[in-house]
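Let's take a look at a protein together, starting with the whole chain and then zooming in on two spots inside it.

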Amino acid sequence: MAVTSEAFRMFYLDPCFKNCFKNANSMLSFTCDVKFGNQRSLGQMQFGNVSRIPRNGVRVYASQGDRSTRLDFMSCKCQKADHVSGVAAGDGMSTTVPINGTTNIHDKGGFANGKMVAAGTVTDRTHKVSRKSIEEEAWNLLQESIVYYCGNPIGTIAANDTSDTSILNYDQVFIRDFIPSGIAFLLKGEYDIVRNFILYTLQLQSWEKTMDCHSPGQGLMPASFKVRTVPLEGDDSATEDVLDPDFGEAAIGRVAPVDSGLWWIILLRAYGKCSGDLSVQERVDVQTGIKMILKLCLADGFDMFPTLLVTDGSCMIDRRIGIHGHPLEIQALFYSALLCAREMLAPEDGSADLIRALNNRLVALSFHIREYYWIDMKRLNEIYRYKTEEYSYDAVNKFNIYPDQIPSWLIDFMPGRGGYLIGNLQPAHMDFRFFSLGNLWAIVSSLATIDQSHAILDLIEATWEELVGGMPLKICYPALEGQEWRIITGSDPKNTPWSYHNGGSWPTLLWQLTVACIKMKRPEIAEKAIKLAERRISRDKWPEYYDTKGARFIGKQARLFQTWSIAGYLVAKLLLAKPSAASILTNEEDSELKNAFSCMISANPRRKRGRKGFNQPFII
């Protein structure tokens, strides 16, 4: 007789079974004896001496037989290992990942080992919104997108469009794409999937990553990973689950994902604040992972600016569209990740220098962005009257910006009340485009001042037709067109004007907009955007993005049932229902940073120059 979902959950509540998983920081070695119909399949998962696949991955063995949909009997015998692995992620050795949870059987379907699991009777995605609310539909779709690794939920695939035969990498778990899914699960009290995601992606951080004989920094997090089921060496009747990450070596353009590690830190903090489980962030391997990301970001280089220097396509906008240099999105996430990491780093002697460097970077970065990236009508008039070619420590036009760079569209776009942070700043170049994610996360992280944060929301309200139109929210405004589009994008057929990353509208940005509005106590803006999205997003089958200036068309290459479109909507609804929960994502500026920022404004730059304590002559 088949076991119902309710009976299965009651089985897991059995004290004997819960005993097996009560110690979150212990290695587990267990054998599951499962009977399917008249056959018995023995699966053994070991977390101890973990063997490696050729790329230093984790082997997990699970022999597979003839599986029926009927589950007649399941018994689990668990035995705690004698010790806990304390290997740091950066030591190039295997790191054990404890599982705090249970194998989940979903009768609504999902992804197990990267493959579709039969969804029982839920196989037809006919959108009968009249029979159920949009939220219920969204939750069902989110559950169906879950990926399982050795029976444990580990993430959500990028898109679950079964009608599209061209999968590409949309069947993988992307770090940045999982963030809204993870937040949605946290707000619903489903912590295991987020915990598993954090710990398994941490394992991938220490993998060898090489392209054309060159390896990037050790702290780099992957852009995505896929769960593959491969034959077990020496036994054709058995298979093993393998995590196969992509650090950019297989991505279009071969660009390393700078934002992955930053989002990972932000999600780690959110997990601790929401679940109350601080044991994850206190683990030795997790602390090591945080430090590796920080050291990679804080490494000294040739740059004179405190902002991170990155290539085009290294964040959500992962194709060439002219954001190379110091894009706002990366700087806002960088600032947020630094604040989150400072909260979570354990106070110890070995972290003192890192924390000092982190604090210094926070002050310099906030000053740089607030002073030089900010633009409103007053600031625009100042740039219009700039003198150029100033050679002076006290120059007003520090970056030698030519007034003729001010685009004609900006004069009409800029409202009398409101302003925003520009997209990029480099010597003799200001990218005046409005980038939504960077501006919204500058509000969330307190990178923007309180006045600037309100002004950004004022601008969104004043330019609602341009930035929101028929579907929230424009990823950037305006689109590159004509000769500018041909030169900057290389005539990219996917990034045509008002499509995809070139002025397309992305529903997933709803959740960032909602967090920013709640923080500034202006939730009515988010409510208006959500109501607008609800008119058609379900009917349109949850597309990845929308095209045209007014977001009237579903994107010409947009995937349907895009997971972060679904999750972004859910997070927005959950946060509006419980605004206090937004605190797991927001950062508040502390008094030390405010004082340091004030000192930097009043300081004389000439006085700062000189050889710091250098009194010794050179020895040749």
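Among contacts (heavy atoms within 4.5 Å) between residues at least 6 apart in sequence, 72% join residues at least 24 apart. This is a predicted model, where local features need pLDDT of at least 70 and side-chain atom pairs count only at pLDDT 80 or more, while totals for chains, interfaces and linings use all residues. Residues are numbered from 1 along each chain as its sequence is written, and side-chain values use heavy atoms, leaving out hydrogens and water.

Of the 620 residues, 56% are buried, meaning under 20% relative accessible area with a 1.4 Å probe, protein chains only.

Now for the first spot. Asn 495 sits in the loop between helix 16 (482-489) and helix 17 (510-519); helices here are DSSP runs of H or I with at least four residues, and strands are E runs of at least two, numbered from the N terminus. Asn 495 counts as buried because its relative accessibility is 0%. Arg 319 is 176 residues away from Asn 495 in sequence, yet their C-alpha atoms are 8.2 Å apart. Those two residues are also in contact.

Next up is Lys 474, found in the loop between helix 15 (464-467) and strand 17 (476-477).

| Side chain | Backbone atom reached | Distance |
|---|---|---|
| Asn 495 | nitrogen of His 501 | 2.9 Å |
| Lys 474 | oxygen of Lys 549 | 3.0 Å |

How values were computed: Buried < 20%, exposed > 50% of the residue type's maximum accessible area, 1.4 Å probe, protein only. Polar contact = N/O pair within 3.5 Å; in protein donor to acceptor, adjacent residues only side chain to side chain. Lists of a residue's contacts leave out its neighbours within four places in sequence.
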